[in-house]
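Biologist: I would like to learn how to read a charged side chain in a model of this kind. Could we take one case and work outwards from there?

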Amino acid sequence: PATAYLHVDNCSAFALLKVYNVFGTLNQTINIEQKNNIQLSIESLSPGMYFIELIKETGESKIIRFQKK
């Protein structure tokens, strides 16, 4: 579980990062074009389960699950 920051590595192939809660509500959107590593602040999120969607410019996406403590 993470408490304040989440590190996302090797994300240079993606253009956008979106954070959703378990109900599908969008919490954050970050433009990550040409960045290899992201430090994502999650301090403002309530404790619980969340999903990160990494989206390529082609529309392909990858989902990563994380828990905020």
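**A buried glutamate**

Modeller: Glu53 is buried yet has no salt bridge, and the nearest side chain of opposite charge, Lys18, is 5.4 Å away. Buried means under 20% relative accessible area, with exposed over 50% and partly exposed in between, using a 1.4 Å probe and protein chains only. A salt bridge needs a side-chain nitrogen of Lys or Arg within 4 Å of a carboxyl oxygen of Asp or Glu, and for charge Lys and Arg count as positive and Asp and Glu as negative, while His and the chain ends are not counted.

Biologist: On what basis are such values given?

Modeller: This is a predicted model, in which local features need pLDDT of at least 70 and side-chain atom pairs count only at pLDDT 80 or more, whereas totals for chains, interfaces and linings use all residues. Residues are numbered from 1 along each chain as its sequence is written, and side-chain values use heavy atoms, with hydrogens and water left out.

Biologist: Where does Glu53 sit among the strands?

Modeller: Strands (E, at least two residues) are DSSP runs numbered from the N terminus, as are helices (H or I, at least four), and two strands pair if DSSP finds at least two bridges between them. Glu53 lies in strand E5, which covers residues 48–55 and runs antiparallel to E2, joined to E2 by six bridges; the bridge partner of Lys18 in E5 is Glu53.

Biologist: Which residues form the two faces of E2?

Modeller: In E2 (residues 16–21), Leu17, Val19 and Asn21 form the covered face, while Leu16, Lys18 and Tyr20 form the uncovered one. E2 also pairs with E3 (residues 26–31), in the antiparallel sense, over five bridges, and Tyr20 stands opposite Leu26 in E3.

Biologist: How many helices and strands does the chain have?

Modeller: The chain has zero helices and six strands.
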